[in-house]
Amino acid sequence: MPIVVDIDVMLARRKMSVGDLADRVGITPANLAVLKNGRAKAVRFATLAALCEALGCQPGDLLRWESDVTAEV
């Protein structure tokens, strides 16, 4: 999938656990793990906003697009 989720990077920078972030955002650790591991099909804007508030970051710090097309040489 070309959308990469960098929640683990932000967690490491903030020295925060998944459980602590889940508590602050108001979602279960299991649902946060699904999002963090890139297995989520969608994310609500309210959840994205809560993640950004809890981590003190912008949406672009959590989500980025990567092309899944490899260049042929």
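Is C52 buried or exposed? At 9% relative accessibility, C52 counts as buried. The views below come from a predicted model.

**View 1. The largest nonpolar core holds 18 residues.** The residues with the most contacts inside this core are I7, L21, L51, L55 and L62. Four helices each supply at least two core residues: helix 1 (7-14), helix 2 (18-25), helix 3 (29-36) and helix 4 (45-55). Helix 4 gives the most, with five residues. In soluble globular proteins, nonpolar side chains tend to be buried together.

**View 2. L51 touches residues from other parts of the sequence.** Set aside its neighbours within four places in sequence. L51 is then in contact with I7, L21, V25, L32, L35 and L62. L51 is also among the residues with the most contacts inside the largest nonpolar core.

View 3. A disulfide needs the two sulfur atoms within 2.5 Å. For C57, the nearest is that of C52. C57 also counts as buried, at 9% relative accessibility. The structure holds zero disulfides.

**View 4. K15 has a positive phi.** Where does K15 lie? K15 is in the loop between helix 1 and helix 2. Its phi is near 50 degrees, a positive value in a residue other than glycine. K15 counts as exposed, at 78% relative accessibility.

Definitions and conventions: Residues are numbered from 1 along each chain as its sequence is written. This is a predicted model: local features need pLDDT of at least 70, side-chain atom pairs count only at pLDDT 80 or more; totals for chains, interfaces and linings use all residues. Side-chain values use heavy atoms; hydrogens and water are left out. A nonpolar core is a set of buried Ala, Val, Leu, Ile, Met, Phe, Trp, Tyr and Cys residues joined through side-chain atoms within 4.5 Å. Buried means under 20% relative accessible area, exposed over 50%, partly exposed in between (1.4 Å probe, protein chains only). Contact means heavy atoms within 4.5 Å.
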